[in-house]
Amino acid sequence: MILNVNGSRHEVQEGTRTLLEVLRDDLGLVGTKEGCGVGMCGACTVLVDGRPISGCLILAEQVVGKEILTVEGLEKNGQLHPIQQAFIDERAFQCAYCTPGFILSTAALLNENPNPSEDEIREYLSGNLCRCGSYQNILKAVLRAHQRV
Amino acid sequence: MNPIKFLEPTDFSEASSLLDQYTDDAKIIAGGVSITLMLQQKLISPSVLISLGRVSNYDFIRHDQDGLHIGALTKLRDIERSDIVKKFCPALAHTFSVVGNVRVRNQATIGGNLSAADYAADPPSMLAALNARVQVQGPEKKREISLGKFFLGFYTTALESNEILTEVVIPNLSSSARAAYHKYTSISAEGRPCVAVGAVADFDADGKCLDLRIAVGAAVETPQRLNSAEAMARGQILTDELVAAIAEEYSLRLDPLTDVRGSAWYRKEMIRVFVKRALQEVRNDR
Ligand SMILES: Cc1cc2nc3c(=O)[nH]c(=O)nc-3n(C[C@H](O)[C@H](O)[C@H](O)COP(=O)(O)OP(=O)(O)OC[C@H]3O[C@@H](n4cnc5c(N)ncnc54)[C@H](O)[C@@H]3O)c2cc1C
Ligand code: FES
Ligand code: FES
C-alpha cells in the first residue's frame, strides 16, 4: 500500500498497524513520538489532509490516498519553518519530547485561525501535554509564530 | 496486531451486506478512534474490518422542514464548527466542541460516537434531550430508531448485527425553546464526562414552561430522562425553588455508577448541581 508522506509516495507493507508505527518503524520518521498511546497526550500528532490527528489512534490503511505531514516535512530548503524557529527562540521546551506534536498542532491552528487569542491557543492546544511544564514558553512561541506565519 | 482484512465498500447497503456475510468476525470502522484503541488493547479481534472511509455523501449537515440532518460520517469537529448547527441550536454545537481533544474530534464521526454507546460520552445526552432519532440501514431495509430506544446498556445499542447507522435527525425546535449542555469533568478539562446534562425547555409568552426535557448521562449506563421530574415544570414558572426541586428529583431517582471519574455518591451530588445549572441556563437565557 502507498502512503503520501511529506509530499512523497512511500510503499509500505500492508497490515493492521497504526500510522504511528508505520511512520516510525517503516519510514524512520521518528520525529513523531509515542507518549500515552491512547489519544490523550498529542506526542504522536500528525496532520492528515491538514488536520491534526493522533497517529496512535488511526490505522495506516485509513489514510491511504490522504496527505500526511509529519514534523520532518515542515522545513523547506534547509530553512526551519517559522513555527519551529519560534519554538527555539522562545525556548519552548525542556526535553522536547512533546515539541513535534505542539508544532504541528500550532501549524493547524494558525491555518484555521491566523490570529488566535491567548484563550483560543490554550483551548486548541489543551490536548497536547508537556510533562516538563513548558506551557508558558509554548504560549509565547505560538504568539510569536503567528506574527511570522 | 494480526493482519486483518480491510474492506472498503462504497455505500452503506454494500457495507451492511458485508456485515451480514461476515457476522461476528467483522467490525465496522468509521473514524476508527474507538476501534483502534480496542484493537491496541486487544479487547476485540475481528478478522475483517469494514471501513466506511470510502462511502461518499454521508458527510453532511443539512437543515430541512423536518429538522436538522447530520450524516453518520460527519466529523465531530465539523459539527462543532458548522454555522448551520450553531444557528439551529448553539448548545448542540457546544456539546460537540467539548468532546475530548481537537484530534479526537477531527477523526471521530457522529455515527461512531453513538454506535460505540460508551456511557462516558457527551453527544448522547444532548441528542436525547433534543428528541433526536437515528436512521439505520440493514441489508434489505431501512428503519428509524428514536435515541431514547437506541441505547440499551453499556456499549450496547438497538442496532442489529448487520445494521449501520446512516443519519441522525434532530426535530425542529420552536423559536421560544432554549437548550443547554453541561459537561462536568472530574479529572482533566479535556477528559470524558463524569456527569453530562442535556436540557431543552420551551416557554410561553408569560414565561411559563410549556415543555421540559432533561437527559442525564455519563453517570449512568444510558442517558436517562425522568418523566416525573419533567412534568413538575409543565405550566410553571421555573423559580429557584422549582429548579432545585427538579434537580433533587434527578439526584434522588437516578442510580449512578462508580468508576475512576467518581463514586455513585459523588455523582448523585454532582447530578443535583449540574441539572440545576442547566435549568438555570435555559431559564435565564429566555
Ligand atoms: C482521548 C480520547 C478522549 C475522548 N473523550 C471523549 C469525550 O470527552 N466525550 C465523548 O463523547 N467521547 C470521547 N471520546 C470517544 C470518542 O468520541 C469516540 O471514540 C468516537 O466518537 C468514536 O467515533 P469513531 O467514528 O472514531 O468510531 P469507530 O472507532 O470507527 O467506531 C466505534 C464503534 O461504532 C461502530 N460504528 C462506527 N460507525 C458506525 C455506523 N455508522 N454504524 C454502525 N456502527 C458503527 C464500530 O464498529 C465501533 O464498534 C474520547 C476518545 C479518546 C480516544
Ligand atoms: S501517543 Fe498518541 S496521543 Fe499520546
Ligand atoms: S518539553 Fe518535555 S514534555 Fe514538553
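In this predicted model, a backbone N or O atom of B:Ile35 sits 2.9 Å from an oxygen atom of ligand 1, which makes a polar contact (a pair of N or O atoms within 3.5 Å; within protein, one must be able to donate a hydrogen and the other to accept it, and residues adjacent in sequence count only if both atoms are side-chain atoms). B:Val33 does much the like, with a backbone N or O atom 2.8 Å from a ligand 1 oxygen atom. At B:Gly191, a polar backbone atom is 3.4 Å from an oxygen atom of ligand 1. On its own, ligand 1 would expose 980 Å², and the protein buries 95% of that, with areas taken from the Shrake-Rupley method using a 1.4 Å probe (for residues, only the protein chains shown count as cover).

Stepping back to the whole shell, 33 residues surround ligand 1, counting a residue as near if one of its heavy atoms lies within 4 Å. The closest are B:Ile28, B:Ala30, B:Ser34, B:Thr109 and B:Asp122. Chains A and B both supply residues around ligand 1, so the site is shared between chains. In chain B, strand E2 (26–29), helix H2 (33–40), helix H7 (110–116) and strand E10 (164–170) each bring at least two residues to the shell. H7(B) gives the largest share, 5 residues. Helices here are DSSP runs of H or I with at least four residues, and strands are runs of E with at least two, numbered from the N terminus. By residue type, the shell splits into 18 nonpolar, 11 polar and 4 charged; Ala, Val, Leu, Ile, Met, Phe, Trp, Tyr, Cys and Pro count as nonpolar, Asp, Glu, Lys and Arg as charged, and the others, Gly among them, as polar.

Over in chain A, helix H1 (residues 19–26) has A:Leu19, A:Leu20, A:Val22 and A:Leu23 buried. Buried means under 20% relative accessible area, exposed over 50%, and partly exposed in between (1.4 Å probe, protein chains only). The cover over these residues of H1(A) includes strand E1 (2–5), strand E3 (45–48) and strand E5 (67–69) of chain A, going by contact, that is, heavy atoms within 4.5 Å. Just after H1(A), A:Gly28 takes a positive phi of about 70 degrees.

Positive phi also turns up at residues other than glycine. A:Asp49, with phi near 50 degrees, lies in the loop between E3 and strand E4 (51–54) of chain A and is partly exposed at 47% relative accessibility. A:Arg91, with phi near 45 degrees, belongs to the loop between helix H2 (82–89) and helix H3 (99–112) of chain A; this residue is exposed, at 61%.

Then there are the aromatic rings. Rings of Phe, Tyr and Trp (its six-membered ring) pair if their centres lie within 6.5 Å, with planes under 30 degrees apart called stacked, over 60 edge-to-face and the rest tilted. That rule gives 7 aromatic pairs over all chains. B:Tyr119 and B:Phe154 have ring centres 5.5 Å apart and planes at 80 degrees, so they pair edge-to-face. This pair links distant parts of the chain, 35 residues apart: B:Tyr119 is in the loop between H7 and helix H8 (123–129) of chain B, and B:Phe154 in the loop between strand E8 (151–153) and strand E9 (156–157) of chain B. B:Tyr119 is buried at 14%, while B:Phe154 is partly exposed at 38%. Elsewhere, ring pairs join B:Phe12, B:Tyr58 and B:Phe60 into a cluster.

Residues are numbered from 1 along each chain as its sequence is written, while chains are lettered from A and ligands numbered from 1 in the order in which they are written. In this predicted model, local features need pLDDT of at least 70 and side-chain atom pairs count only at pLDDT 80 or more, whereas totals for chains, interfaces and linings use all residues; side-chain values use heavy atoms, leaving out hydrogens and water.
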